[in-house]
Amino acid sequence: YGHTWSPGYEIPAGMLHGHAVATGMGFGAHLAFREGFITEGESRRIMKLISDLELSLWHPILDDTDVVWASQEKMVQKRGGNLCAPVPKGQIGVCGYINDVSRERLEKTMAEYKTVCQDFPRAGVGIDPHCHDVGLEHPGTTGVCKKKEEGAAEAAAQEAAAPSGAALSYNEWIEQCQQQRASSHTERLAGAGGGAAKPPVFDENTLFYPVVEAYALSQTSQGSKDVNAVVESTEKEGLFAPCMVGQLEGQFLKMFAKSTKASRVLDVGTFTGYSALSFAEGIAAGGKVVTLESDAKIAGVAKSLFDGSAQREKIELVVGDAKAAMRKLLEDNEQFDIVFLDADKENYVTYYDLTMEGLLAPGGVILADNSLCSLVYTEGDERRQKLHDFNEHVRKDARVEQVVLTVREGITLIQPLA
């Protein structure tokens, strides 16, 4: 009980084992209540006991449903194709099993569970839940490197006798501990050249490993209350959350705008406003973010969030067709230090060409989001091919230089040659 989901997020969150399991127990109790196995009162009783023991019912990593879902998928594999999540059934102390939790149900129930946790001290977060809280190292960064040897006894002896990585000089560490990793790297000093008519086959639907993403997020500055409000409103309205750039990319956009000293940003594709607010937080007072959204309902959600934010004076929301809006900006001789493309993927080439016609200020940069979805979108999907066509269009443009970053689902930085 409690060990179904927690193994996948305990290490990336840096949690103590007991706290991680306790979050799984609390969530399992709520799931059992929703399944009709126990009453709401019994579910609350279990959660109260966990809270009274100062263990964790909640941890911020549970907001990352990609991590929780990946943990569930691995557990299903480990348990022979069955989830077999043990939970109380009938009464406390009697065990039953839940074997079917879809991703949609997981996300919905987790959101409910988070709300329930708000009724407990510290919103369900336990006392000293992390390894570093009690003077221990992060579990994801500890360990002793050793060479693989044949035979379990010999390997154990080697491990006991081997010096820790910290006892080696850097060059010794490279030689003794990193050779296998080095052999797996296939980087080239020169690019492969591109030119393929179609993107290569890629069997995954994501570019990142859940543990890597969770660890990167844990080491990234937290979003402001304004961008967090975007997440809450997007979920509340039942909108497609993956359309948001999210914390990791949002912080990148904010810091990119700040480090380039940009004062004017064109955000092509507002959605509920995460990217626009991130840019607005990165530019100086007096700067302007012009953000374009074609969907009137979604634009209404974004506008309410902008109006209630500390950045409301910096943001101008334009509702309507993005191509027409960009042509109007061209007619008005508007220029921008950053143009961020994150709208309908089939029109990326058009948005790029309009930007290059004069919307980009001297020294400005185009950022094209989701450029590596040319790999992760389903084979045969029109937008998969359209994104590849866009990538090739940019690659062949002798006026610019570019780099494709593997941040989230790919961000291409494009800048005209001096």
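Which exposed residues does the face of helix 5 turned away from its buried side carry? Note before answering that this is a predicted model. The residues are E104, K108 and T115.

L106, T109, M110, Y113, V116 and C117 are buried. They cover an arc of only 115° around the axis, so they sit on the same side of helix 5. Their packing partners are helix 2 (17-35), helix 3 (40-52) and helix 4 (65-78). The length of helix 5 can be checked too.

Next, the loops. E54 is found between helix 3 and helix 4. Its phi is near 65°, a positive value in a residue other than glycine. E54 counts as partly exposed because its relative accessibility is 44%, between the cut-offs of 20% and 50%. C84 lies in the loop between helix 4 and strand 1 (85-89). C84 is not a glycine either, yet has a positive phi of about 50°. With a relative accessible area of 30%, C84 is partly exposed.

Finally, go to strand 3 (residues 264-268), where D267 lies. D267 is buried, yet has no salt bridge. The nearest side chain of opposite charge, K345, is 10.0 Å away. What does join the side chain of D267 to that of S275? A polar contact of 3.2 Å does. Beyond its neighbours within four places in sequence, D267 has contacts that include A276, V289, V290, T291, L292 and F340.

Definitions and conventions: Residues numbered from 1 in each chain as written. Predicted model: local features only at pLDDT ≥ 70, side-chain atom pairs only at ≥ 80, totals over all residues. Heavy atoms only, no water. Helix = DSSP H or I, 4+ residues; strand = E, 2+ residues; numbered from the N terminus. Buried < 20%, exposed > 50% of the residue type's maximum accessible area, 1.4 Å probe, protein only. Lys, Arg positive; Asp, Glu negative; His and termini not counted. Salt bridge = Lys/Arg side-chain N within 4 Å of Asp/Glu carboxyl O. Polar contact = N/O pair within 3.5 Å; in protein donor to acceptor, adjacent residues only side chain to side chain. Contact = heavy atoms within 4.5 Å. Arc of directions from axis to C-beta.
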